[in-house]
Amino acid sequence: RRLHPNIVDIIAVDSKINIGIVDLKKRMVVAALNKDKLPRTITEVPINFANMLDYLKSDNGLMKGSSDFSLTYEEFAALASLKFSIDNESAFIAKELFCFWGRLFELSNGDLVL
């Protein structure tokens, strides 16, 4: 473990006879939820970011009833401001996070696709 600090634990597993699988699953959950040892496994975001993402993913989201394939960043920022009280700087951060997470895709012209 000194040479490889990302190794959290060593667990014997035999998938043929199903030994150690339950223990492996439990320890993986514990390791993933341990913010101190693996800080990149949990991302905390403002609740209005989460609400906006839920809205965009929902059936009642922005593209519902629209024939548009994408929305401009300006439309995204306006939605963030009007519906979720997110300022312009934070809207940019939300857009970057959503793209990084694969929830939004930015086209070469800057438009966004869900």
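Biologist: Why is Ser70 called buried?

Modeller: Ser70 has 16% relative accessibility, and buried means under 20%, so Ser70 counts as buried. Keep in mind that this is a predicted model.

Biologist: Where is Ser70 found?

Modeller: Ser70 sits in the loop between helix H2 (47-57) and helix H3 (73-84).

Biologist: What makes the pair Ser70 and Asp111 a polar contact?

Modeller: Their side chains come to 3.3 Å, and the cut-off is N or O atoms within 3.5 Å, with one able to donate a hydrogen and the other to accept it. So the pair passes as a polar contact.

Biologist: How do you know that the buried residues of H2 line one face of the helix?

Modeller: Start with the list: Phe49, Met52, Leu53 and Leu56 are the buried residues of H2. Look down the axis of H2, and these buried residues fall within an arc of 100°, so they line one face.

Biologist: What covers the buried residues of H2?

Modeller: The cover includes H3 and H4.

Biologist: Which residues touch the most other members of the largest nonpolar core?

Modeller: That core has 16 residues, and the ones touching the most other members are Met52, Leu56, Phe76, Ile86 and Phe98. H2, H3 and helix H4 (88-100) each supply at least two of the core's residues, and the largest share, five residues, comes from H3.

Biologist: What does Phe76 touch, not counting residues up to four places away in sequence?

Modeller: Quite a list! Among them are Met52, Leu56, Ala91, Phe98 and Leu112.

How values were computed: Residues are numbered from 1 along each chain as its sequence is written. This is a predicted model: local features need pLDDT of at least 70, side-chain atom pairs count only at pLDDT 80 or more; totals for chains, interfaces and linings use all residues. Side-chain values use heavy atoms; hydrogens and water are left out. Helices (H or I, at least four residues) and strands (E, at least two) are DSSP runs, numbered from the N terminus. Buried means under 20% relative accessible area, exposed over 50%, partly exposed in between (1.4 Å probe, protein chains only). A nonpolar core is a set of buried Ala, Val, Leu, Ile, Met, Phe, Trp, Tyr and Cys residues joined through side-chain atoms within 4.5 Å. Contact means heavy atoms within 4.5 Å. The arc is that of the directions from the helix axis to the C-beta atoms.
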